[in-house]
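Open the model in your viewer and keep the sequence panel beside it. This tour tells you what to select at each stop.

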Amino acid sequence: MTPKHCFLAFLIRFLLAGRGETQPVHDSLKPQKVQFQSRNFRNVLHWQPGRALSGNSSVYFVQYKMYGQKQWENKEDCWGTQELFCDLTNETLDLQEPYYGRVKTTWAGKYSDWSLTPRFTPWWEMKIDPPVVNLTRVNGSLLVVLHTPDLPYRDLKGKNVSAENYYDLVYRVFTLNDSLEKEKKVYEGAHRVVRIEALTPRSRYCVVAEIYQPMLDRSSQRSAKRCVEIPRIDMDSSAIQK
């Protein structure tokens with residue numbers, strides 16, 4: 001092989017090798033990890049900058065559609081946003097229907113391709129926050145009142161709609177005796193008002209609770225711990241539901 005042919009062969013191998021290591025600029029700009037996150041039916045689209053970008057220096061464009069529709073809709077509030085999220089709650093109100101979202105970006109005069117979410121169905125993917133716990137000492141017992149998180153919907157009378165309108169919810173209540181450092185489940189059921197008795201006098205009790213969605217086999221996180229001091233009185237009954 002002549003020197004000229006050797007050089008051409010080397011050049012071809014170099015170009016072929018380099019082709020596998022480079023990518024179009026628009027592909028490296030594509031937003032990453034584009035997905036819906038739903039908490040208490042607040043459906044928010046989240047994403048991360050493309051591989052060629054760092055921080056939040058570019059502008060993003062968001063579209064959405066229901067499964068089966070051909071036409072994508074622009075989300076005006078997120079058309080040219082510099083945020084890494086977009087609230088699509090009002091655009092995904094039909095909880096049983098699947099939706100898609102997609103995001104693209106522009107930077108330095110170049111546009112990326114669209115990055116598409118997986119199929120998203122609000123009813124199946126909604127995660128619920130823990131209940132808010134109100135704790136009151138009543139004649140040597142504890143009265144626990146649980147409040148479910150507010151949803152972004154209102155009924156015809158303008159009142160907040162509860163998650164109980166959409167799911168069968170199970171409430172779990174736990175006590176923690178600080179002196180023994182021992183957790184005990186004292187209630188599991190559908191009631192949101194629970195009375196806990198048979199408490200040890202001169203002790204400090206803490207209560208936490210969670211919500212379980214049987215249909216989805218999914219539990220919320222634990223609530224914030226609420227505590228109360230039990231005075232020196234005689235108590236001998238057991239935990240019951242009120």
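The stops below run from the whole chain to single residue pairs.

**Before you start**

This is a predicted model, in which local features need pLDDT of at least 70, side-chain atom pairs count only at pLDDT 80 or more, and totals for chains, interfaces and linings use all residues. Residues are numbered from 1 along each chain as its sequence is written, and side-chain values use heavy atoms, with hydrogens and water left out.

**Stop 1: the whole chain**

Show the chain as a cartoon. Its secondary structure comes to three helices and 17 strands. Helices (H or I, at least four residues) and strands (E, at least two) are DSSP runs, numbered from the N terminus.

Switch to a surface. The accessible surface comes to about 14,700 Å², by the Shrake-Rupley method with a 1.4 Å probe, where for residues only the protein chains shown count as cover. Carbon and sulfur atoms account for 50% of that surface.

How much of the chain is buried? Buried residues make up 40% of the 242 residues. Buried means under 20% relative accessible area, exposed means over 50%, and partly exposed lies in between (1.4 Å probe, protein chains only).

Now think about contacts, meaning heavy atoms within 4.5 Å. Among those between residues at least 6 apart in sequence, 61% join residues at least 24 apart.

**Stop 2: a hairpin**

Select strand 3, residues 59-66, and strand 4, residues 73-81. The two pair in the antiparallel sense over four bridges. Strands count as paired if DSSP finds at least two bridges between them. Find Tyr-64: Glu-73 in strand 4 stands opposite. Six residues lie between the strands of this hairpin. Gly-68 takes a positive phi there, near 100°.

**Stop 3**

Which residue does the side chain of Lys-75 meet in a salt bridge? The partner is Glu-91, at 3.0 Å from N to O. A salt bridge is a side-chain nitrogen of Lys or Arg within 4 Å of a carboxyl oxygen of Asp or Glu.

**Stop 4**

Select Cys-78 and Cys-86: a disulfide joins them, S to S 2.1 Å. The cut-off for a disulfide is a pair of cysteine sulfur atoms within 2.5 Å. The link has 95° about the S-S bond and is right-handed. Cys-78 and Cys-86 are both buried.

**Stop 5: a tyrosine in a loop**

Move to Tyr-166, in the loop between strand 10 (141-147) and strand 11. Tyr-166 is partly exposed, at 30% relative accessibility. Show what surrounds this residue. Setting aside residues up to four places away in sequence, Tyr-166 touches Phe-41, Leu-95, Trp-123, Leu-151, Tyr-153 and Val-161. Trp-123 is 43 residues away along the chain, yet the C-alpha atoms of Tyr-166 and Trp-123 are separated by 8.2 Å.

**Stop 6: a salt-bridge network**

Select Glu-210 and Arg-172. They form a salt bridge, with the closest N and O atoms 3.0 Å apart. Glu-210 lies in strand 14 (residues 203-213) and Arg-172 in strand 11 (residues 170-177), so the pair ties together parts 38 residues apart in sequence. Glu-210 is buried at 9% relative accessibility, and Arg-172 is buried at 16%.

Arg-222 lies in the loop between strand 15 (218-219) and strand 16 (226-230), and Glu-183 in strand 12 (residues 182-189), so parts 39 residues apart are tied together. Arg-222 is partly exposed at 36%, as is Glu-183 at 45%.

Salt bridges that share partners join Arg-172, Glu-183, Lys-185, Glu-188, Glu-210 and Arg-222 into one network. The whole structure holds ten salt bridges.

**Stop 7**

Finish with Cys-206 and Cys-227, whose sulfur atoms are 1.9 Å apart in a disulfide. Cys-206 is in strand 14 and Cys-227 in strand 16, 21 residues apart. The torsion about the S-S bond is about 105°, so this disulfide is right-handed. Cys-206 is buried at 1% relative accessible area, whereas Cys-227 is partly exposed at 30%.

The structure holds two disulfides. Counting bonded cysteines along the chain, their pattern is 1-2, 3-4.
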